[in-house]
Amino acid sequence: MSRTLRATALAGVLALAVTGCGGVGGGDDDGGGGTATSGTLTTMGFGLSDEIATTRVDAFKRDHPGVDLKITEGAFDEQQFLSAVASGNPPDLVYMDRKLIGTYAKRGSIQPLTDCVEKQGIDLAQYRPAAKDQVTLDGTVYGIPEFSSVRVVYLNEALLRQAGLTVDDVDLADWAALPALNAKLAKVSGNRLSRIGIDPKIPEFLPMWAKANGADMISADGTKANLTDPKVVEALTTGLRLIQDQGGFGRFKSFRDTFDFFGAENPLAKNQIGAWPMEEWFLNQAAKNSPKAELVVKPFVDRQGKPLTMSSGQAWVITKGAKNPDAACAFAKQMTATDTWLAAAKARADARKAAGQPFTGVWTGNLNADNKIFDELYQPTGNKRFDDAVATIRSVQDAAFAMPASPAGAEFDKAWYDAVNRVLAGQAQPAEALARAQQEATAALDEASK
């Protein structure tokens, strides 16, 4: 999911105000340096939906007046992208999920960024290791990381209290106790589910549950599937049980699909869910839309109780056949530079202040930027729940792992996603479904490795 969330009414004005002043593009790691750029620059997969996006884009326009920037707004579309590359008329720059980069790099649809990094003087050391690893295949960098999205556990303390429980009673390290905890929190009456107890967030978060159980679903070099590992099977079985106990996946998904995580009627405010792992961006939405909710944020943990989280996010890639790779590289550099991120975060903080809402930070793939945002800009909100949540998210960033770049990353994902969906639909048992996925993934990985 994109981290560029809905803008406030003042976003455009504030963004222009911030980018019109000093600070963006200055310093040693700014986006304004490198080679001179001009000509037309086209993008795909990115939108100007909030002040975080517009502030950074305005900074690029200011520092590169010779570039005619054409942003085609909308989510990344694989078929459109591949068709454009095949036609020889692709966009110069594409914003895509980092987990796809290995596949497109192997296919030759995107360019190595070795020359880009050298010419523009991009400091790769500033990016978070988990994010950088996802854009690196066989030692070659193919993408410039943007946001860093990690997962934490959200708890509705009001619902816990109603069930006679405390925050400490929610122990995700104790898998054997999860069904009983789930039963106390969920509200199931006959064929109707009206409150989710624990949402394991599968298929999406199966890699994190597997990692918590001591298993990697794919090898570190992204070439060998490990889907039949008993620890992976156990992770899927555990998640399946939690969903089955709440009426089965059909009812569970139908109810969950009614949730509006971006509005004042979100499931936290409406007491529709007790405990769930989710990306850190929801804290931003909760602070904005339901600041009085009894929210508690804890780290996700492995079975030994040690903090664990999974990192994901988007990256900028330059396409094969790009007509203006120099401008594309300069844009990627400036969009992810420390000072540009800091200016964008200031725009967000100012917008929240003007709206009387708390600012809970901006989480990027640039470690230096995050340090500046939270050390120089962020101020405690005064709401202990949100302040503690920010501290929790900061603490788990360094415990993050990411699915490695793989020459068949898209095919690997499809194999295990399909397996989990077959299990949830009642069409196969976990071990059976994952065995089939192992065969499919192995075939794709072997073919890609030739």
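Colleague: Is glutamate 411 buried or exposed, or in between?

Modeller: Glutamate 411 is partly exposed, at a relative accessible area of 30%. Buried means under 20% relative accessible area, exposed means over 50%, and partly exposed lies in between, with a 1.4 Å probe and protein chains only.

Colleague: What should I know about the model before we continue?

Modeller: The model is predicted, so local features need pLDDT of at least 70 and side-chain atom pairs count only at pLDDT 80 or more, while totals for chains, interfaces and linings use all residues. Residues are numbered from 1 along each chain as its sequence is written, and side-chain values use heavy atoms, leaving out hydrogens and water.

Colleague: Which side chain does glutamate 411 meet in a salt bridge?

Modeller: It meets the side chain of arginine 107, at 3.2 Å from N to O. This pair connects distant parts of the chain, since glutamate 411 belongs to helix 17 (residues 409-424) and arginine 107 to helix 4 (residues 101-107), 304 residues apart. Arginine 107 is also partly exposed, at 43% relative accessibility. A salt bridge here is a side-chain nitrogen of Lys or Arg within 4 Å of a carboxyl oxygen of Asp or Glu. Helices (H or I, at least four residues) and strands (E, at least two) are DSSP runs, numbered from the N terminus.

Colleague: How many salt bridges are found in the whole structure?

Modeller: The search finds 25. One of them joins arginine 161 and glutamate 294, at 2.8 Å from N to O. Arginine 161 lies in helix 7, whereas glutamate 294 lies in the loop between helix 12 (281-289) and strand 11 (295-299), so the pair ties together parts that are 133 residues apart in sequence. Both residues are partly exposed: arginine 161 at 48% relative accessibility and glutamate 294 at 24%.

Colleague: Which residues are linked with that pair in a network of salt bridges?

Modeller: The network links Glu157, Arg161, Glu294 and Arg385.

Colleague: And where do lysine 384 and aspartate 388 lie?

Modeller: Both are in helix 16 (residues 384-397), four residues apart, which is about one turn of the helix. Lysine 384 is exposed, at 60% relative accessibility, whereas aspartate 388 is partly exposed, at 36%.

Colleague: New topic: in what order do the strands of the open sheet come?

Modeller: The five strands are arranged in the order 2-1-3-13-6, with mixed pairing. Strand 2 (67-72) and strand 6 (144-145) are the edge strands, each pairing on one side only. Helix 13 (residues 325-335) packs on this sheet and touches strand 1, strand 2, strand 3, strand 6 and strand 13 (314-318). Two strands pair if DSSP finds at least two bridges between them.

Colleague: In which sense does each pair run, parallel or antiparallel?

Modeller: Strand 1 (residues 39-44) and strand 3 (residues 93-97) are parallel, with two bridges. Strand 3 and strand 13 run antiparallel, joined by five bridges. Strand 6 and strand 13 are also antiparallel, with two bridges.

Colleague: Which residues of strand 13 are covered on each face?

Modeller: Gln314, Trp316 and Ile318 are buried on one side, and Ala315 and Val317 on the other. In a regular strand the side chains alternate between the two faces of the sheet.

Colleague: What about helix 8: which residues are buried?

Modeller: In helix 8 (residues 178-185), Leu178, Pro179, Leu181, Asn182 and Leu185 are buried. Viewed down the axis of helix 8, they fall within an arc of 160 degrees, so they line one face of the helix. The arc is that of the directions from the helix axis to the C-beta atoms. On the other side of helix 8, Ala183 and Lys184 are exposed.

Colleague: Last one: where is glycine 361 found?

Modeller: Glycine 361 is in the loop between helix 14 (338-354) and helix 15 (367-377). It is buried, at 5% relative accessibility. Not counting residues up to four places away in sequence, glycine 361 touches Phe374 and Tyr378, where contact means heavy atoms within 4.5 Å.

Notes: Axes fitted to C-alpha atoms, helices over the stretch in contact; angles between N-to-C directions.
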